[in-house]
Amino acid sequence: MISSINVNIPPKPARSYPIVIASGLLKNAQEWIAEYCHSGKVVIISDDTVAKMYGELLCDNLQASGYQVELIIFPSGENSKNIATKTAIEEEMFAFGCDRHTLCVALGGGVVGDMAGFIAATYMRGMDFIQVPTSMLAMIDSSVGGKVAVNSSYGKNNIGAFWQPKAVIMDIDLLKSLPKDQIINGFFEAVKIFLTCDGEHFEFCESHLDLILALEEKSLIKVLQKAVALKAMVVEIDEEERNLRMILNYGHTIAHALEKLSKYVIMHGFAVGLGMLIEAKVANLLGLLADTDFIRVSKFLSRLDINTSILKSYDNQSIIAAMRGDKKNLNQETVLVLLTGIGSVKNIDNKVAFPVAESVIAEALDYVRTSSLG
Ligand SMILES: NC(=O)c1ccc[n+]([C@@H]2O[C@H](COP(=O)([O-])OP(=O)(O)OC[C@H]3O[C@@H](n4cnc5c(N)ncnc54)[C@H](O)[C@@H]3O)[C@@H](O)[C@H]2O)c1
Ligand SMILES: O=C(O)C(=O)C[C@@H](O)[C@H](O)[C@H](O)COP(=O)(O)O
Ligand SMILES: [Zn+2]
């Protein structure tokens with residue numbers, strides 16, 4: 001079964017694009033590439049883990065169909081997501097003779113997608129690119145919406161751009177080689193979108209968790225389709241995160257602080273899981289989220305093996321200081337997305353992030369640090 005969801009980016013329909021979800025798309029790449037590659041030249045950017053598994057296959061396929069193809073590989077992992085790696089890849093692209101008509105293909109997880117997308121945004125002032133996500137996280141979230149970036153020593157994703165892909169090609173077969181912890185890691189981003197926008201699908205996740213994590217096709221596709229459709233809807237309304245798009249950052253203010261403090265040892269999705277729990281507690285302390293709903297969130301997250309003990313390594317002041325660099329902050333105030341129920345957030349005319357006193361954040365951190373989940 002092939003499903004296709006369109007992301008309509010106003011006011012320029014030319015920047016709209018399809019998200020195609022199906023099995024077998026990678027081995028039949030010659031069938032879809034022609035629509036996006038007009039110069040006959042393709043540069044595939046991937047990490048060393050994914051390149052070994054799927055890079056050669058894609059290269060061989062495209063070469064057999066007459067394309068001139070270069071595969072550029074960098075070491076896998078969040079610690080590669082920096083400007084030095086970006087520069088090294090660009091040098092290779094110049095040496096290969098890529099120009100602005102070359103098609104860039106991001107083959108990998110969120111790190112590859114963010115890196116290749118940022119290169120595509122700036123190489124010769126912009127080239128077309130396609131997202132071919134291979135991780136659960138990249139399929140559920142990062143391949144859609146056009147946020148592309150690298151990290152700096154000052155924090156997460158703080159050098160980047162909005163640059164939409166020409167297409168997102170999701171071959172769900174690729175998830176079969178993904179380790180279990182990476183499946184859970186990506187699933188947290190689906191939990192995020194359902195907790196903020198869609199209580200019904202959150203309930204589906206509660207009742208079908210084992211099937212989803214076992215990649216049972218019907219449950220997996222239902223989650224994937226709904227998560228990307230909701231994300232597409234948000235991005236269509238607010239591509240550049242002036243207001244509503246901040247909803248997609250629920251849990252991330254804390255998550256990004258923990259990722260930076262841990263030097264990226266904690267995986268993004270797990271950090272978001274912990275961030276969602278703490279930010280839900282903030283909403284609960286502020287009287288916005290009922291105790292029963294907070295307990296439901298906490299019970300569900302505990303089924304996903306989030307590890308609250310990492311909080312014991314950092315005091316509140318360090319975490320709060322790391323949050324001060326968040327991109328959503330306004331006038332030096334830390335703003336958070338606040339749940340008001342399962343599937344809803346505080347929203348005033350599409351404004352969805354609100355300043356929160358540091359004392360309340362500290363109380364929520366203390367609560368989660370000392371509580372046993374579940
Ligand atoms: N741009 C966005 O909207 C957005 C959204 C969410 C997250 N992100 C970013 O995404 C990144 C996290 O993405 P991620 O979790 O995919 O990390 P990742 O790209 O590091 O991939 C995780 C690991 O899985 C491996 N892998 C990927 N696909 C595989 C497959 N099919 N089989 C076996 N191994 C495979 C990778 O080599 C890597 O070791 C973070 O940098 C985060 O900031 C961006
Ligand atoms: O697409 C968005 O918008 C998101 O916020 C999705 C997040 O899951 C993702 O982690 C994103 O990269 C965070 O962006 P940032 O602007 O907070 O760095
Ligand atoms: Zn995220």
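A residue counts as buried if 20 or more other C-beta atoms lie within 10 Å of its own, as exposed if 12 or fewer do, and as partly exposed in between, with C-beta atoms placed from the backbone. Glu 189 is buried, because it has 26 C-beta neighbours inside 10 Å. This is a predicted model, in which local features need pLDDT of at least 70, side-chain atom pairs count only at pLDDT 80 or more, and totals for chains, interfaces and linings use all residues. Residues are numbered from 1 along each chain as its sequence is written, and chains are lettered from A and ligands numbered from 1 in the order in which they are written.

**Annotated residues**

- The UniProt annotation "binding site", from an unreviewed entry, covers Glu 189, His 252 and His 268; such annotations may be inferred rather than shown by experiment.
- These residues span 80 residues in sequence, but no two of their C-alpha atoms are more than 10.2 Å apart, so they gather at one spot.
- Glu 189 is in helix H6, helices being DSSP runs of H or I with at least four residues, numbered from the N terminus.
- Beyond four places in sequence, Glu 189 touches Leu 137, Ile 140, Asp 141, Gly 269 and Val 272 (contact: C-beta atoms, placed from the backbone, within 7 Å).
- His 268 lies in helix H10 and is buried, because it has 25 C-beta neighbours inside 10 Å.
- Outside four places in sequence, the contacts of His 268 are Gly 110, Leu 137, Asn 185, Ala 255 and Glu 259.

**Ligand 1**

- Thr 49, Gly 109, Gly 110, Ser 135 and Ser 142 come nearest among the 32 residues around ligand 1 (C-beta atom, placed from the backbone, within 6 Å).
- Elements giving two or more residues to this shell include helix H6 (180-197) and helix H10 (268-285).

Definitions and conventions: Two residues are in contact if their C-beta atoms, placed from the backbone, lie within 7 Å.
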